[in-house]
Structures are given as C-alpha cells and as structure tokens.
Amino acid sequence: MCSWFIKPAYPFTKKINLKRRWCNDGLFKSELHGFLSRELAEDGYSGVEVRKTPQRTEVIIRATRTRSVLGEKGKRIRELTSVIQKRFNLADGEIELYAERVLFRGLSASAQAESLRYKLLGGLAVRKACYGVLRFVMESGAKGVFVAVSGKLRTQRAKVMKFRDGYMIKAGQAAKEYVDVGIRGVNLRSGSLGVRVLIMLPHDPQGKKGPKKQLPDVVRVLDPKPEDEAGVVPSAQPIPQQQQQQLPPQQLPPQQQQQQQQLPPLQQQAHIPPQQPPVVMQQQTFPPTQPI
C-alpha cells in the first residue's frame with residue numbers, strides 16, 4: 001500500500017476551531033492535488049477546485065482530455081471518488097467529483113509543463129522542446145511566457161536553462177492574479193530534471209482567457225468630446241470695436257457691460273461712446289518790454 005493511505009484522515013464532521021479548519025482545508029486540497037496530478041498526468045491534468053456546500057463537497061478536476069478522466073460510462077471517475085472517500089473517511093454522497101475541460105490549453109501552465117515533461121521523456125532536445133512550448137503559448141494569446149529547465153541536461157554538471165518571451169510580471173498582487181505557474185519533475189536515466197513554466201495571462205472582460213480585473217499600471221486615454229462651436233466666443237481673442245457695437249449688451253465683455261450701464265439711455269440705444277468736454281487753452285499776457 002502506498003504512503004498516501006498511511007496518514008490518518010482528519011474528521012470533517014467534528015466542530016473545530018476556525019483557524020484549524022482553514023489549515024485542514026489547505027491540507028485536504030494539497031493532498032488531493034498531489035494524488036490527482038500523479039493519477040491523471042497523462043490526461044492533461046491542470047488543476048483542481050474544491051467547493052464546499054452544506055450538503056456535500058464538490059471537487060472540480062480541470063483537464064485537457066475529460067473523456068479519459070471520466071472513463072467508459074463514468075467508471076474511472078467513480079473509482080477516484082471511492083478512493084477519496086476511503087482516504088478521508090467520508091460517507092457515500094458526501095463528496096462528488098466533476099471533470100471540466102480546459103478551453104485554452106495554451107494558457108494553462110500545468111498543461112504546458114506536462115507537455116514539456118513528456119517531450120523530454122521522449123528524448124527530444126531541451127532547447128527544441130522549450131522553444132516549441134514558447135511558440136505555442138504566444139500563439140494562443142498570452143502576454144508572456146517563461147520556461148526554466150534545471151538538472152543534468154547534457155553533461156554531468158547540473159545547470160539551468162531559461163527561455164522567455166513577451167512581457168512578464170514577477171512581483172506584486174498583479175503577479176498573483178495574472179501569472180499561472182506549473183511545476184513538474186522529470187525522472188531520466190542521468191538524473192532528475194525540474195520543469196517550471198510561467199504564463200502571463202491576457203486581460204479578458206468576460207473572464208475566460210484571463211482575469212477580469214485590469215492591470216493597475218494600464219492608463220486609458222479617453223477621446224475628447226466634440227465642442228459646440230455655435231455661440232462660443234473665445235476669451236483669448238480680442239473683439240473688434242465694430243463687432244462690439246453690433247453685439248447686444250448680454251454678449252459684451254463684463255467691463256463693456258458696466259460702461260454701457262453707466263451711460264445715459266440715449267447713448268445706450270445708439271451705442272455712442274461718451275464725449276469728453278473740449279479743452280480751452282488760456283491765453284497768457286506778458287508785461288511790455290522797457291528800453292534799456
């Protein structure tokens with residue numbers, strides 16, 4: 001019997017502390033993920049989702065080939081359900097397994113890591129296999145991809161080969177939401193290799209190809225609104241005097257309106273500027289000159 005059945009299962013029905021329940025849920029999902037990744041490796045397993053309801057626990061298995069996960073007339077999915085029930089001491093009907101097909105295989109890091117693993121097991125060169133994965137992921141619509149293969153690649157000296165293309169975020173909350181990570185191990189005759197695939201998902205408002213939330217550093221520039229040119233007088237350009245006389249008092253500048261209000265009523269109607277009083281020159285008289 002494998003070591004997966006040796007550890008005692010924790011009780012699901014007993015009332016326990018909230019913090020301990022969170023830890024137990026994490027352990028349950030981690031152990032379930034490890035078991036399914038080993039059992040469904042050849043079927044394109046790319047992840048699991050656990051949903052808990054008051055009646056039962058639903059486990060959704062994501063894979064590229066759902067027919068092989070279900071088996072003939074649902075035989076394989078029932079076998080997996082019975083194994084999980086025995087492992088965690090669950091009653092019949094308390095847990096149900098569903099298979100969901102991965103719509104975009106090129107945007108699943110787990111599926112690409114599994115594909116790269118089988119290429120390396122088949123004897124394909126590391127560089128050729130990694131470049132094939134990079135090209136397929138970028139053609140699927142990803143923003144960026146990063147592939148790292150570590151171990152004894154050609155010689156006895158272990159090293160790491162890294163391949164990257166496109167745009168990739170390494171830190172922050174955006175990296176948790178936009179970057180999909182897949183890690184696999186490859187056991188060869190020369191030794192074990194580690195495969196790590198990171199895929200930068202695109203933004204999708206519908207949430208199918210990528211997250212709905214936009215990146216925080218994306219700036220959207222809106223188009224300017226069309227201005228209504230009818231009746232708009234630009235304030236920077238001066239108005240000629242002839243046009244000012246033709247305009248009604250409401251369309252004149254504020255200073256002109258104040259001057260217009262201070263004029264007499266006759267001048268307001270005729271728009272005659274105020275006349276200044278004439279300047280009278282005073283004659284100066286000089287005393288008569290005396291002979292020397």
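I worked on a predicted model, in which local features need pLDDT of at least 70, side-chain atom pairs count only at pLDDT 80 or more, and totals for chains, interfaces and linings use all residues. I number residues from 1 along each chain as its sequence is written, and side-chain values use heavy atoms, with hydrogens and water left out.

**Positive phi in loops**

I located Lys73 in the loop between helix H2 (66-70) and H3. Helices (H or I, at least four residues) and strands (E, at least two) are DSSP runs, numbered from the N terminus. Lys73 is not a glycine, yet I read a positive phi of about 55 degrees for Lys73. I then turned to Asn89, which sits in the loop between H3 and E3. Asn89 also is not a glycine and has a positive phi of about 55 degrees. I noted 60% relative accessibility for Asn89, so Asn89 counts as exposed.

**Overall counts**

I counted nine helices and seven strands in the protein. Of its 292 residues, 33% count as buried. I took contact to mean heavy atoms within 4.5 Å. Among contacts between residues at least 6 apart in sequence, 53% join residues at least 24 apart.

**The sheet E1-E2-E3**

I traced an open sheet of three strands in the order E1-E2-E3, with mixed pairing. Two strands are taken to pair if DSSP finds at least two bridges between them. Strand E1 (45-52) and strand E3 (95-101) stand at the edges with a single partner strand each, so one side of each has no neighbour in the sheet. On average, neighbouring strands of this sheet are turned by 20 degrees against each other, direction ignored. For such angles, axes are lines fitted to C-alpha atoms, for helices over the stretch in contact, and angles run from 0 to 180 degrees between N-to-C directions.

I followed strand E2 (residues 57-63) along E3 and found parallel pairing over seven bridges. Within this pair, Ile61 stands opposite Ala99 in E3. I also checked Glu58, which is found in E2. Its relative accessibility is 17%, so Glu58 counts as buried. With neighbours within four places in sequence left aside, I listed Glu49, Val50, Arg51, Glu96 and Tyr98 as contacts of Glu58.

**Helix H1 on the sheet and against H3**

I saw H1 lying across E1, E2 and E3, at about 150 degrees to E1. What angle do the axes of H1 and H3 make? The axes of H1 (residues 18-39) and H3 (residues 75-87) come within 12 Å and cross at roughly 145 degrees. I recorded this as a right-handed crossing; a crossing is right-handed if the near helix is turned clockwise from the far one by less than a right angle, and left-handed if anticlockwise. From H1, Glu31, Leu32, Phe35 and Glu39 meet Arg76, Leu80, Val83, Ile84 and Arg87 in H3. I sorted the residues of this contact into five nonpolar, no polar and four charged (Ala, Val, Leu, Ile, Met, Phe, Trp, Tyr, Cys and Pro are nonpolar, Asp, Glu, Lys and Arg charged, and the others, Gly among them, polar).

**Two nonpolar cores**

I looked for nonpolar cores, meaning sets of buried Ala, Val, Leu, Ile, Met, Phe, Trp, Tyr and Cys residues joined through side-chain atoms within 4.5 Å. The largest has 24 residues, of which Leu116, Leu120, Val147, Val149 and Ile199 touch the most other members. Helix H4 (109-121), helix H5 (126-139), strand E4 (144-151), strand E5 (159-166) and strand E7 (192-200) each supply at least two residues of this core. I noted that H5 gives the most, with six residues. A second, separate core has 18 residues, including Phe35, Tyr45, Val48 and Leu97.

**The hairpin of E6 and E7**

I followed strand E6 (residues 179-187) beside E7 and found antiparallel pairing over nine bridges. Val181 stands opposite Leu198 in E7. The hairpin has four residues between the strands, and Gly191 takes a positive phi near 150 degrees there. I looked next at Ala158, in the loop between E4 and E5. The C-alpha atoms of Ala158 and Gly191 are separated by 9.7 Å, with the two residues 33 apart along the chain.

Note on methods:
Buried means under 20% relative accessible area, exposed over 50%, partly exposed in between (1.4 Å probe, protein chains only).
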